[in-house]
Amino acid sequence: MKTQVAIIGAGPSGLLLGHLLCQAGVDCVVVERAAPDYVLGRIRAGVLETVTTDLMTRLGIDARMKAEGLVEAGFNLATNDRLIRIDITALTGKHVTVYGQTELTRDLMDAAPGRGLEIVYEAGDVALHEIEGDSPFVTYVKDGATQRLDCAYIAGCDGFHGPSRKAIPAHAVREFERVYPFGWLGILADVPPCHDELIYANTDAGFALASMRSKTRSRYYIQVPLTDRVEDWSEDLLWDELAARFDPISEHGVTRGRALEMSIAPLRSYVFETMRHGRLFLAGDSAHIVPPTGAKGLNLAASDVAYLSDALVGALKQGDDAGLDGYQAKALARIWKAERFSWSLTKLMHRFPEDGAFEHRMQAAELDYLASSTAMQTAIAENYVGLPL
Ligand code: APR
Ligand code: PHB
C-alpha cells in the first residue's frame, strides 16, 4: 500500500492530523494498535482551549461539542476555606470548553468514514523503517498477514509508549524529565458537580480537583502517595475525603454516587526535543507529557498537529519544506511554556512529601498574593485559556 503520510496512532493527535490532512486533500492512512472501543475507553482531562475547539470548527466536526460542551468563563484555586476565582473571560476575553476527551475522540472517529479517512485498527507489531532516507515505510500485522505502507512522511502520534519515539537513534535524542512524588486518584460518577466551575484545591490533606464532564457527570481527583493502589481505596472513603475538602468551599457540596471509573495516574513532566528525525515527525504524547494540573495534554497535542498539518500540506501540495524545517522549533516554543505552566501550578497546589512548614507558608503566601493581584490572575488566566498558536 502507498500513501503520502503514514500516521501511527489513532488517539486525538493522530485523528486530528488525519482529518486536517484529508480536508486539505493530502493522502494519509492511520495505523492503530488497539480496537476502537479500547481507544474510547481511556478517560482523560476534558478542558478545551480555543486552539482545540477552533480546530474542530475548522474541520466542521463541532456540532456535538457546541451543543453539549460547557462554556466556562472562569475556574477556581482554593485553600482549606477560601475560593479564589480566576475570571478567565474578564481577564482575557476568552473562555474554555468542558467537553470530555473521549467525546472529542468519538466525534473524530465517527466522522472518519464519511470523509474517506482510512484508519486501520488492531494493527500489530507496528514498525518504522528507513526514516533517515527518502522512502520511509511502516510495517504492521493485520489479520495474521504482514502489511507494508510506503509513504513520504511518517507522523508519530502513538502516545508515550508507542514505537515512533524509540525509532530515533540514541545519538540524536534530547530529553528532559521530572517525575512527581505522588499520583492522582480519580473518580467519575453520574452526579451533579459540587460547583459550576472547576476547583483546584490545596488543602492540608493535599491537592484535590473538582471537575466535570457535564451538568450531571462529575470527575474528582485527590493527591495520593505513589505507593497507594486503587484497591486500597473504597468509594466511600474517597467520597468522605472529597466531601471534607469541597463541602466547605463549593456552591452545592459533594453529591455521592456509584463510581463509573476509579483509577490512579502518576504525574510526570517530559519533553523529547527531537520532534523531527529525517522523515519522521512526532506530535502529542509521543513527544511530551505534562502533569494534568491545568489540563494541557490534549491542547498541546492539538497545537502540535495544527503546526504539523500546515507544514505537511506546504511540503506535499506546494513543494515548500520551510514549514517542516521549522516545525520542531515552533512546536517546542509552545510546549515548553505549557510545561512551565503545568509544573508551576502543580508546585503551587500540591503537598510535596519533602516540603516542610516553610514551603507550605510559601504556597500560602503565593495564593494570598494571587487572591488580590490582577496581574498574577491575568498571567494564570492567559496560560489556562491557552497561549496563541
Ligand atoms: N502501534 C500503533 N498504535 C499505537 C502503538 C503501536 N505500537 N502504541 C500506541 N498506539 C496508539 C495508542 O493505542 C493510542 O490510541 O497511539 C495512540 C496514542 O494516543 P494518546 O496516548 O491518546 O496520545 P495523543 O493522541 O498524542 O493524545 C494526547 O491524550 O494522552 C492524552 O493527556 C494526553 O490529552 C492528551 C492526549
Ligand atoms: C478532568 O476533568 O479530568 C480534568 C480537568 C482539569 C484538569 C485535569 C483533569 O486540570
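Trainee: How far apart do the C-alpha centres of domain 1 and domain 2 lie?

Mentor: This is a predicted model, where local features need pLDDT of at least 70, side-chain atom pairs count only at pLDDT 80 or more, and totals for chains, interfaces and linings use all residues. Residues are numbered from 1 along each chain as its sequence is written, chains are lettered from A and ligands numbered from 1 in the order written, and side-chain values use heavy atoms, without hydrogens or water. Domain 1 covers 5-72 + 96-177 + 268-345 and domain 2 covers 180-267 + 349-385, bounds taken from an automatic or database domain assignment. Their C-alpha centres are separated by 29 Å.

Trainee: How many residues of domain 2 are in contact with domain 1?

Mentor: Contact means heavy atoms within 4.5 Å. Domain 1 brings 25 residues to this contact; domain 2 brings 21.

Trainee: Which residues come nearest to ligand 2?

Mentor: Near means a heavy atom within 4 Å. There are 14 residues around ligand 2. Each domain supplies at least three residues of this shell. The nearest are Tyr200, Ser211, Arg213, Tyr221 and Pro292.

Trainee: What is the distance from the side chain of serine 211 to an oxygen atom of ligand 2?

Mentor: A polar contact here is a pair of N or O atoms within 3.5 Å. Polar side-chain atoms of tyrosine 200 and arginine 213 each lie 2.7 Å from a ligand 2 oxygen. For serine 211, the distance is 2.6 Å.

Trainee: How much of ligand 2 does the protein bury?

Mentor: Accessible areas come from the Shrake-Rupley method with a 1.4 Å probe. Alone, ligand 2 exposes 280 Å². The protein buries 100%.

How values were computed: Polar contact = N/O pair within 3.5 Å; in protein donor to acceptor, adjacent residues only side chain to side chain.
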